[in-house]
4 protein chains.
Amino acid sequence: MTGTLRVGIIGTGVMGSDHARNLARGVRGAALVAIADAAVDRARALAAELGVEQVFSDGTEMIGSGQVDAVIIAVPDPFHAAGVEACLDAGLPVLCEKPLAPTVAETVRIIKKEDTLGHRLLTVGFMRRFDPSYQAMRARLAAGSEGALLMTHSCHRNVEAYPGQDSSATITNSAVHEIDVLPWLAGSPITQVQWLSGRPSSLIGERIDPQMLLMRAADGVLHTVEVQVHAQYGYDVRCELVCERGSIEMPSVPSLVGADEYIVSAKLARQAAYPADWRPRFAAAYRAELAAWAEASLAGRLPAEAATGRDALRATIVADALVRSMNEGGAVVQVPSVESVLGEDA
Amino acid sequence: MTGTLRVGIIGTGVMGSDHARNLARGVRGAALVAIADAAVDRARALAAELGVEQVFSDGTEMIGSGQVDAVIIAVPDPFHAAGVEACLDAGLPVLCEKPLAPTVAETVRIIKKEDTLGHRLLTVGFMRRFDPSYQAMRARLAAGSEGALLMTHSCHRNVEAYPGQDSSATITNSAVHEIDVLPWLAGSPITQVQWLSGRPSSLIGERIDPQMLLMRAADGVLHTVEVQVHAQYGYDVRCELVCERGSIEMPSVPSLVGADEYIVSAKLARQAAYPADWRPRFAAAYRAELAAWAEASLAGRLPAEAATGRDALRATIVADALVRSMNEGGAVVQVPSVESVLGEDA
Amino acid sequence: MTGTLRVGIIGTGVMGSDHARNLARGVRGAALVAIADAAVDRARALAAELGVEQVFSDGTEMIGSGQVDAVIIAVPDPFHAAGVEACLDAGLPVLCEKPLAPTVAETVRIIKKEDTLGHRLLTVGFMRRFDPSYQAMRARLAAGSEGALLMTHSCHRNVEAYPGQDSSATITNSAVHEIDVLPWLAGSPITQVQWLSGRPSSLIGERIDPQMLLMRAADGVLHTVEVQVHAQYGYDVRCELVCERGSIEMPSVPSLVGADEYIVSAKLARQAAYPADWRPRFAAAYRAELAAWAEASLAGRLPAEAATGRDALRATIVADALVRSMNEGGAVVQVPSVESVLGEDA
Amino acid sequence: MTGTLRVGIIGTGVMGSDHARNLARGVRGAALVAIADAAVDRARALAAELGVEQVFSDGTEMIGSGQVDAVIIAVPDPFHAAGVEACLDAGLPVLCEKPLAPTVAETVRIIKKEDTLGHRLLTVGFMRRFDPSYQAMRARLAAGSEGALLMTHSCHRNVEAYPGQDSSATITNSAVHEIDVLPWLAGSPITQVQWLSGRPSSLIGERIDPQMLLMRAADGVLHTVEVQVHAQYGYDVRCELVCERGSIEMPSVPSLVGADEYIVSAKLARQAAYPADWRPRFAAAYRAELAAWAEASLAGRLPAEAATGRDALRATIVADALVRSMNEGGAVVQVPSVESVLGEDA
């Protein structure tokens, strides 16, 4: 494949629309040529906004149309697996929003299908791996001047919980980003986890919030992750890497978000703004992810840093173990390896 | 007692000398009139430096001399109990450096002795209760605009471990400050604890460092405390109070230390200094503690915010439970109440 | 013109290469199709790197080739005018790096030529107008919650002076960015200026550094601008808008640069990195400028916020007045209006 | 004189009461023994609050009473000179609030009187010299790692203008602190000044606010000082020392004030508090000033870093020159030397 990658997007919710707009704004070597959504009016409206000519009401039809070279899947989570499998069957590179699939069984099935192809087509959208801050921290850690990593501390706070979700969604939907990115930063898989609750906020009675997740890596590093989905005050993601001779910290978000890069002094306070959701915070990451995926897809390979199917399975296994710990009242739970889950143990 | 409180200090190590110099620098209503140390030459040198006339080689002798109205005990930990008991016997207000005593048994014995007196004489030197930052955070939390407290996160990092201490000293010597101050901030006693290690630093093989302490309060609040006694990079104490509608954070230390309140831009970096040990960080707290203790002692009462014998016992019980968790490989350990330990249960 | 804007770049120095790489990385609606440079080997190397097929040794030839729809001029300053005029003659939209021309006379000549065309083709590359921080500060100021603007303070510091430049280049080359962006932020033209020196650095004897520039706007606002071209410590641009009821500040650079978004604690210091030059600091601005210019060029208009020929003339007139103040030992100098310079006064 | 310095305070307004409370809180070697104020009820109330036994309605009477060893003068500015002269006549060490006197003539008269005594008794209360930040910045500058000082930038902002003052009071009352402390930091006297207005705030029509003061030192360093007496947003003092190889900055105030050392995240903002006036910001400076003055007075000398009569004269001369520049529409005004004003030129 040379020239321009013709990209089709399935799903026009928040993430699908954001990907579509990012592509329309210009990604080297890629052009958004088709949009599919069962809510075809919404697909048509987005296509009109972005000057995209082809609209499909059925993603599978788009995949088989011969009009697209690569596909982004941004439909609701339960439909991810079917979309990905259709792409694999059609031999198209596919970027699937996380999670790859809600269950380990489906995830394994997708991985095994990809394995039979003989080459890699699947990328999973854990975009933090493309965030400039996480990348810079990872490079600094690897440079070694602070010595070996010993512990990490993360916070992940959203302004408001999505209605209708339960306590486990905090893990599988929000914390899953840390579950993916921390081992990627630290270079060692999670082998043991433990779940703890904070004192539950009275503002969302039906869901335990905040939660505290402990994850032990194979090399002994301890990751602590606080997740608060109803933190009210702002969208705030923090991360600190505690090393033998120093510490590497991500600044709290106000310094990073594009829309509000200033400080206001007024009414006896010095103030910096938090974003209301994750999009300003990770806008650069999403753009970089798309660019790397388009470039790699054109070259017939996967983007180097991106999460593969096995990475997504690893995150799902850890999240499942944390949910089990939660259901068992905070028990320490061992995490099976990806290899054992796939039946690939020696 | 009116006029001036004649204070005697027993012990001229780091803390004793600091208290002596603070008194000599001027504390309302108090005058340092006597210094005692078995190392009498050291006591004499300090007395000469500060213009103090009376020097004793034996603290007990000083207590019985009739020359002092109140006593500060800053001898090595194993000798605290004897000094405190001598003061109680003599009817003198006493400010004892933490820990009150190394064991629960001795601590209980002191408390029972004080109980028999019919009035309070004993204050324990948990100075963070007098730190302006902790006090301001406590007041802000109490004001309630951020809603109920849900979780706290603390870090306590020293530059270098003291030689000759073992892993439990990290809890009983360093973390004990958080063990005291967090329930004081949050208003609810610790009922359950769990100890975890980080990946141990290779720079001090004989001692597990860093450590992660989890403490659950009676009202459900979860306290996480990371302690690193050999952090190398600087003395750094952090604390965040995570509430229902917002978060209250202590700034990292550079902004607080008196000696280095500036930022230097040089060599492609913008830099603020960390102190090398706890003294610049808590200088204001030590001075405020002395002033409150002197004022209260003159008035025949205890300082309102200061730690009592029962507070010290509470901290020791929690520290003991954490050491037990450590010895049991990270087990969840229930913390007995002060009342049950003292046999005061209904 | 519909579809894709075919862009040609003339000049492959630092700025030309950066623009070329930004275009190659993907700008909506634009494709880099030609590169011209008298140093044709350098042009060929860049074209090869970026997959651009057409290379010219002569920019004028490229302009007349019919192969490009729009042109970026990034040759050395003395050749800007000729390149721009060739574009105007050819009816091509042109983005010219600042300064539009070294002298007022040439600048006026270009403006008058464009005026005769009947439509606008010329954009001048004052990229700070596209920087997210300056844009956000401008929007905040316009929102009015801090009241009227009274004064501004800016700093503009480079690590090392370019060799071979004199003291006036500090104004015409570096400070010219503030000279353009401050009236754009504040909404009122500069009418009076005064130049002052700091104590000259001994590290670059031949050039007065730092310098302090005072600019008074028509509405009375006073702008103070400190420029230090040999500041050594890092590339640092600051700006504060002092208003009646509050202040709006751009954070110092470490918090903004993409490459180093972390804080390191090590060796008794807490450190954030400065960039070594302006490119990381203004990378987002350059990308946004290109995108706005491409979109506007496709639509047959100028980008709304960008600097026009008249804006460039305004900056040149102010810079000239500051150079005159410098040459007259710090005299207060009146700034003629653009209209009077163009002979357009009523 | 040995033992305790018996201090009397004349004046029980804001500053007098603050000094009295600081003394009562404990200053080594000093005891507040007498309070004088023509408003004798106010003096009596303060004396009762602080346990001070002697109250005078007439300061001169207190000076002559034999009951005090040293005097603090905190009466309204026009009465400073008379109080100081009475102390000099009585041979008592005196700490006079700034300004020493409203006019150069009175200031000179006081200095000449002190000169005739044969020893020094007079200290003027420019307390910033005792502020830990200014002291640390001065020490860092002197250490030389950032190279020679080239320029300084200061801001001095108050929440609200005092009613009834005119534009010159901004210089003589507020900026006079910078006029004193900057040459003390930088080590070279001011020889030339220039006054500029910002665009005047509409919130206090009768007074030009903010103002911009430029001061050139004998060694070429340029000091820029922005003063805004009606800044509304908070009490904020800033200072940056721009050097050849780096910059030394005082952090903006929130990080320094004792009462509010925390950061609150709430309502989409991260906030640190400004104090409402100068007292929290300079509380440590006032205490250190008193301690140094008491110690020196006991030893029969002046405190090493404090401002002398000649220092106060120097500040008055510079302030007068700035007022003249203001009255002459921003003219550059030469500053006579202290020696020439005193007629001491060779």
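**View 1. The loop of chain D that holds D:Leu302.** In this predicted model, D:Leu302 lies in the loop that connects α8 (278-298) with α9 (309-327) of chain D, where helices are DSSP runs of H or I with at least four residues, strands are runs of E with at least two, and both are numbered from the N terminus. Leaving aside residues up to four places away in sequence, D:Leu302 is in contact with D:Arg120, D:Leu121, D:Leu122, D:Thr123, D:Ala296 and D:Thr308, contact meaning heavy atoms within 4.5 Å. D:Thr116 is 186 residues from D:Leu302 along the chain, and the C-alpha atoms of the two are separated by 16 Å. Residues are numbered from 1 along each chain as its sequence is written, while chains are lettered from A and ligands numbered from 1 in the order in which they are written. Local features need pLDDT of at least 70 and side-chain atom pairs count only at pLDDT 80 or more, whereas totals for chains, interfaces and linings use all residues, and side-chain values use heavy atoms, with hydrogens and water left out.

**View 2. Helices α1(C) and α8(C) of chain C.** The axes of α1 (residues 14-25) and α8 (residues 278-298) of chain C come within 10 Å and cross at roughly 55 degrees; axes here are lines fitted to C-alpha atoms, for helices over the stretch in contact, and angles run from 0 to 180 degrees between N-to-C directions. α1(C) is therefore oblique to α8(C), given that angles under 35 degrees count as roughly parallel, over 145 as roughly antiparallel, 65 to 115 as roughly perpendicular and the rest as oblique. From α1(C), the contact involves C:Val14, C:Met15, C:Asp18, C:His19, C:Asn22 and C:Leu23, and from α8(C) it involves C:Trp278, C:Arg279, C:Tyr286, C:Arg287, C:Glu289 and C:Leu290. These residues comprise six nonpolar, two polar and four charged, with Ala, Val, Leu, Ile, Met, Phe, Trp, Tyr, Cys and Pro counted as nonpolar, Asp, Glu, Lys and Arg as charged, and the others, Gly among them, as polar.

**View 3. Helices α1(C) and α2(C) of chain C.** α1(C) also packs with α2 (residues 40-50) of chain C, at an angle of about 20 degrees and with the axes 10 Å apart, so α1(C) is roughly parallel to α2(C). C:Ser17, C:Ala20, C:Arg21 and C:Ala24 of α1(C) meet C:Leu46, C:Glu49 and C:Leu50 of α2(C). Sorted by class, this contact has four nonpolar, one polar and two charged residues.

**View 4. The interface of chain B with chain A.** In this pair, 41 residues of chain B are in contact with 41 residues of chain A. The area buried between them is about 3000 Å², of which carbon and sulfur atoms give 54%; buried area is the accessible area (1.4 Å probe) that two parts lose on being put together, summed over both. B:Leu150, B:Arg199 and B:Glu244 supply 22% of the area that chain B buries against chain A, more than any other three residues.
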